[in-house]
Amino acid sequence: MTTHVSTPQVSTPHVSAFRWVPPFAQGHVRDLRVRWALEEAGIPYEATLIGRDDQASEDYRAWQPFGQVPAYRDGGVEMFESGAIVLYLSRKSSALAPEDEAGRARVVTWVLAALSSIEPHVSGLASTDIFHKGEAWTIERRPQIVEMVVMRLQALSNWLAGKDYLDGRFTAGDLIMATVLRDVPDDILARFPTLEAYRARCLNRPAFARALEAQMAPFRQNAPATA
């Protein structure tokens, strides 16, 4: 079900998402992380679909100051930033984090590690390859970006050696880490069989498939008419 941006807070969680994005971004918009967490936790939710005009609206900026997605509300909180939302949800469901304080602390650590230690380098490489491919400065700079990505992936691979998940069982840390690894070019990830297997293990979860389909369905329904 789709609701208007200015929908009042209700107990059913609402997650903002784009009505449509270009094909290269489909399946990678970050509301996917929140959808996946809600699916893992078995929490029903509704999507608030927005377009470019909504992003700049006063109503939406009151919910998400930067006009991005996702934003989240459930009658108890209003918040934004995918990592923060997933961590909030991890406190509501043992499917996303252990119930002991030490276990929850490790989940927070791995979520932040994915977002701070790995994702900036992966995103930098993706931006270079998608938006600046062939430009003179990227030809010179790209090997250095790749080197940093590889260094971080090697450290992660070392940690995961002999493990199925980051902390013994699937948690919100794995959920965020797997979404980051989805953006690593296949030829680079192929250097790390442990990470390839780990990414596949996470993405083969039924909750991920449901979340991905939920994100993709509006893109199909709202695709621009072709010339």
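Predicted model: local features only at pLDDT ≥ 70, side-chain atom pairs only at ≥ 80, totals over all residues.
Q: How many helices and strands does the chain have?
A: The chain contains 10 helices and 4 strands.

Q: And what pattern do they follow along the sequence?
A: Read along the sequence, the pattern is β-α-β-α-α-β-β-α-α-α-α-α-α-α.

Q: What share of the residues counts as buried?
A: Of the 227 residues in the chain, 46% count as buried. The accessible surface of the chain is about 11,300 Å², and carbon and sulfur atoms account for 54% of that surface.

Q: Among contacts between residues at least 6 apart in sequence, what percentage joins residues at least 24 apart?
A: That share is 71% for this chain.

Q: Turning to the sheet, in what order do the strands come?
A: The order is β2-β1-β3-β4, in an open sheet of 4 strands with mixed pairing.

Q: Which strands stand at the edges?
A: Strands β2 (46-50) and β4 do. Each of these has a single partner strand, so one side of each has no neighbour in the sheet. From one strand to the next, the twist averages 25°.

Q: Do β1 and β2 run parallel or antiparallel, and how many bridges join them?
A: Strand β1 (residues 14-18) and β2 run parallel, and 5 bridges join them. Within this part of the sheet, Ala17 stands opposite Leu49 in β2.

Q: Which strands does α1 lie across?
A: Helix α1 lies across β1, β2 and β3, and runs at about 145° to β1. Helix α4 also packs on the sheet, where it touches β3 and β4; the direction of α4 makes about 130° with that of β4.

Q: Staying with α1, is this helix mostly covered or exposed?
A: Helix α1 (residues 31-41) is mostly covered, with 10 of its 11 residues buried. Among the buried residues are the charged-looking names one might check in the viewer, including Asp31, Arg33, Arg35, Glu39 and Glu40. Trp36 and Leu38 are also buried.

Q: What happens just after α1?
A: Gly42 follows the helix there and takes a positive phi of about 70°.

Q: At what angle do α1 and α4 pack?
A: Helix α1 and helix α4 (residues 82-90) pack at an angle of about 10°, and their axes are 9 Å apart. That angle is why α1 counts as roughly parallel to α4.

Q: Which residues meet in that contact?
A: From α1, Arg33, Val34, Ala37 and Leu38 take part, and they meet Ser82, Ile85, Val86 and Leu89 of α4. The residues of this contact divide into 6 nonpolar, 1 polar and 1 charged.

Q: Changing topic to the backbone, which residues does the cis peptide bond join?
A: The cis peptide bond joins Val69 and Pro70, with omega at about 5°.

Q: Where does Pro70 lie?
A: Pro70 is in the loop between α3 (58-63) and β3 (71-73).

Q: What is the phi of Glu81?
A: The phi of Glu81 is near 80°, a positive value in a residue other than glycine. Glu81 is found in the loop between β4 (78-80) and α4.

Q: Why does Glu81 count as partly exposed?
A: Its relative accessibility is 39%, so Glu81 counts as partly exposed; the class lies between the buried limit of under 20% and the exposed limit of over 50%.

Note on methods: Residues numbered from 1 in each chain as written. Heavy atoms only, no water. Buried < 20%, exposed > 50% of the residue type's maximum accessible area, 1.4 Å probe, protein only. Helix = DSSP H or I, 4+ residues; strand = E, 2+ residues; numbered from the N terminus. Axes fitted to C-alpha atoms, helices over the stretch in contact; angles between N-to-C directions. Parallel < 35°, antiparallel > 145°, perpendicular 65-115°, else oblique. Contact = heavy atoms within 4.5 Å. Pairing = 2+ DSSP bridges. Areas by Shrake-Rupley, 256 points an atom, 1.4 Å probe, with all protein chains shown as cover.
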